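Let's take a friendly walk through a model. Have a look at the sequence and the structure first, and then read on.

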Amino acid sequence: MSRIGIFTCWCGENIARTVDVDEVAKEVSSLPGVRCSVNYKYMCSDPGQAMVREKIVSEKLDGVVVASCSPHMHLKTFRKAAQAAGLNPYLVEMANIREHCSWVHHDRAQATAKAVDIIRLSVEKVRNDAALEPIRVPVTRRALVIGGGVAGIQAALDIADAGYEVVMVEREPSIGGKMAGLSETFPTLDCSQCILTPRMVEVGQHPRIKLYSYSEVEAVEGFVGNFKITIRQKARYVDTAKCTGCGECWNVCPLKKNPSEFDFAMGTRPAIYIPFPQAVPARPVIDKKVCAALIRNGCKLCEKKCKAEAINFKDEDKLVEEKVGTVVVATGYKLYNIAKEQDKAWLSGYGEYGYGKYKNVIDSLQFERLVSASGPTNGVLKRPSDGANPKNVVFISCVGSRDNAKGLPYCSKICCMYTAKHAMLYKHKVHDGQAHVFYMDIRAGGKGYDEFVRRAIEQDGAKYYRGRVSKITEESGKLIVRGADTLAGVPVTIEADLVVLAAAMRPADGIEELAQKLNIGYDEFGFLLESHPKLRPVETNTAGIFIAGACHAPKDIPESVAQASAAASKVQVMLAADELTREPEIAAVNEQTCAACFTCVNTCPYHAVERAELRTGRGAFIKRTARVNPGLCMGCGTCVSVCPSKSADLQGFTEQQVYAMVESLA
Amino acid sequence: MLDGAEEMNLGYYPGCALHGSSNDYEQSLRACLGALDVQLQEINDWICCGATAAHALNHKLSLALPARNLALAERDGLKQLFAPCPLCSMQLLKVQKAVADGNGLRTELSQIVEAEVRGDGQILNLIQVFQTIGLDKLKAAVKEPLKSISAACYYGCLLTRPPEVVHFDDFEQPKSMEAVLAALGAKTVEWNYKTECCGAGMTMSSEDTVLDLAHKILSNAAAHGANCVVVACPMCHVNLDMKQAAVEQRYHEKLGMVIYYLSDLVGLAMGLSAEQLGVNRHFVTKA
């Protein structure tokens, strides 16, 4: 290319203060292939862009270098401007003389010289640029939502209400997630089930939502716009089509004393059960680990009782396939496994609190069930050991959270709030009782949140102690809680009837396997990674896959719902068009020279390179070759660096371009 | 002699207590381990580990003192070193950890003690010695199962702590001593003071503190149905046994709690006499 225009920006004073922009513009005007070189105070402004457009036309430019800020900032801006003037947008390059130069240097002469060098590189890149066309990918206009908690429900309803089909996969027998088991929610104390169950019913009845409950994602193939999902429907032993949800089966089942998963073992359930009365779908499952019919071909009372003949002891797992264009992951959280969860056996995770040893030491989700109207005690607070009404309750926050020794340095964010709520709910149920809270800090940022904590302290009389509990022991039925009040500087001993541990939030089990199937990132704790913490908070680094709720980080309900709606809106943007447009700066394999060693196939982090065969027009086999799937490739360049025959290259960033850039500095 | 058991050679670091105020502990160990065919090879020319005094004065001194003992043991080719006092064994492990962590400490300590400190041997406490012998073998050696014993296993502070140094058992809810007693046919009780402090060296400087702590430990063991307390630490024994009369006097409470070393009970179960083990030399000899 020989008609390149260079547009040097002052960025107000940001660049011009350190770099002599006049000098730079003059210097680079004599570079080979440069047709014109101008500078302007704000190149990204309307007059600045107009200048670019005008020069492209008047000087018949066939390449543009904008010397200004980071391409993350304004590359798109200038490519659009160039396109408007009739130039292929991929013939525009940015020379970053702000972040890479003016902002990090003080010496004006040296910074000016460096700016010239940076522009020189970009000019070489443009000289070797090729006009590219965006890639168009057809879209299957359906979405998959993984997880049927409040985040998944919100995302699914938003997408379905916008007119698109949704496939929802939930691994438990019912949707509803953790929220379905909560008593009341902060900061308004509205009943969790009252606000959630209507939404669950909406999902169950929505004409555009296909619900797979008691199912898991088995495998994921394909790429943005064209995913093929294999779903494992776990054997339920109940034909959901025939079943009417009448309840005869679980009433007649003699094996009633199994710890209920939904009640976190605070209550029991039969071997054939629905997790809770408002379950969606209201269809039971049989627990194959305890059912006498499935273990030893005995009992079968439920089968005899079922008028709909829905019981099927021969049921097996089924694999079904669904095609979707995009995926929302909303798999939620679990609680830190108190007194167990340690990678080293000698480091017990809070063994000193006696969780699992003393019946009256419970975690916060168990407490939710004990105070929930739908819980095993119908909302009457009874302590687990003997059913007595606890008169002194100790709440301990940060159990696992913010503790480097336990490997979880992060704050679980919601515990301060729900502990205040617990103290409040307790006082509302046991008027003559006393709630004690041990805390490290009270983190109550949010609308109405701090006021809520103050209410727990001032109106409901919860006693707050800033300090940790060092040990809990049991003496004649009382829990002896020994801790410190570090503000008063005194040790505190409380004889408690019940202790509630606010355990840290962790991502749900199996998150890492799922992330690997979906090819999305996760952090050292298993939380899924967003593409950019500020600007792309619900996107992942794999196109077409979005995240919502506590699988991303500890979150409360409002935040999970907001994020779910954000993810749903991203999905709608993607599904609104018949085809997707993707940036063409991805890898391509020269299939003639490819030696078919497939090193690239094995190293590609996005599984975007495939084994293929080169055939003649008549279908005769010529050779084997690697081939890049443009729907999957993220343009990272790993294949380029590993290819021994130099057959893989990155469009818009070819090796030839890089060499030319390096050589221009010599 | 154990059937089919091979003779076992252990390096032995008695520490000051076992050659002084707690020589009943050493008597018990030698009798018990002798009956199990364990030979104790005492480190030649060992010195004090620094106990609680050294690290209060100077960090490097607190490392150098046990480092010398480690170096001597390594020089003598002792791959396993048994330190019956938990403070001694923790100090030795602390040196091993410091040496392994790098920072040139290994070279520096070797220069200070004028001998190579490798820190690659295995340091054992009393419970680990029985674990190394094997609880199955121990069970096989039992002649008189301890049916009348209902023991409160008392670990004190240092058998399990600091966890990142000693790497032994669950440091809040340990169970290893109970497992040894189960092999002897003894019952154990669940109680609350397993890993609480007995006051240790405060017995000299603040007797009140020790009496208060010892009282809590002993009365809690009794309240949970224990008829004896088992320890694996000379200091714990001093505070619970020797001070028991003072505790009884001060709190007007008859405790009569026999305090056994773990090796006492292993020995008794194997048919050794109280005299052989030195149990008759304890202050509290029967309830």
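Is A:Lys413 exposed, partly exposed or buried? A:Lys413 is partly exposed, as 19 other C-beta atoms lie within 10 Å. (A residue is buried with 20 or more other C-beta atoms within 10 Å of its own, exposed with 12 or fewer, and partly exposed in between; C-beta atoms are placed from the backbone.)

## Before we start

This is a predicted model, in which local features need pLDDT of at least 70, side-chain atom pairs count only at pLDDT 80 or more, and totals for chains, interfaces and linings use all residues. Residues are numbered from 1 along each chain as its sequence is written, while chains are lettered from A and ligands numbered from 1 in the order in which they are written.

## Backbone details in chain A

A:Lys413 has a phi near 70°, a positive value in a residue other than glycine. A:Lys413 sits in the loop between β21 (392–399) and α11 (415–429) of chain A. (Helices, H or I with at least four residues, and strands, E with at least two, are DSSP runs numbered from the N terminus.) A:Ser476, with phi near 35°, lies in the loop between β24 (469–475) and β25 (478–485) of chain A. A:Ser476 counts as exposed, with 7 C-beta neighbours inside 10 Å.

Now for two cis peptide bonds. One joins A:Phe186 and A:Pro187, with omega about -5°, and A:Pro187 is in the loop between β8 (184–185) and β9 (190–191) of chain A. Another joins A:Val280 and A:Pro281, with omega about 0°; A:Pro281 is in the loop between β15 (272–273) and β16 (285–286) of chain A.

## Two helices in chain B

In chain B, helix α4 (residues 59–75) packs with helix α6 (residues 105–113) at an angle of about 80°, and their axes are 9 Å apart. (Axes are lines fitted to C-alpha atoms, for helices over the stretch in contact, and angles run from 0 to 180 degrees between N-to-C directions.) That makes α4(B) roughly perpendicular to α6(B), a label for angles of 65 to 115 degrees; under 35 is roughly parallel, over 145 roughly antiparallel and the rest oblique.

Where do they meet? B:Leu63, B:Ala64, B:Ala67, B:Arg68 and B:Ala71 in α4(B) meet B:Leu109, B:Ile112 and B:Val113 in α6(B). (Residues are in contact if their C-beta atoms, placed from the backbone, lie within 7 Å.)

Definitions and conventions. Two residues are in contact if their C-beta atoms, placed from the backbone, lie within 7 Å.
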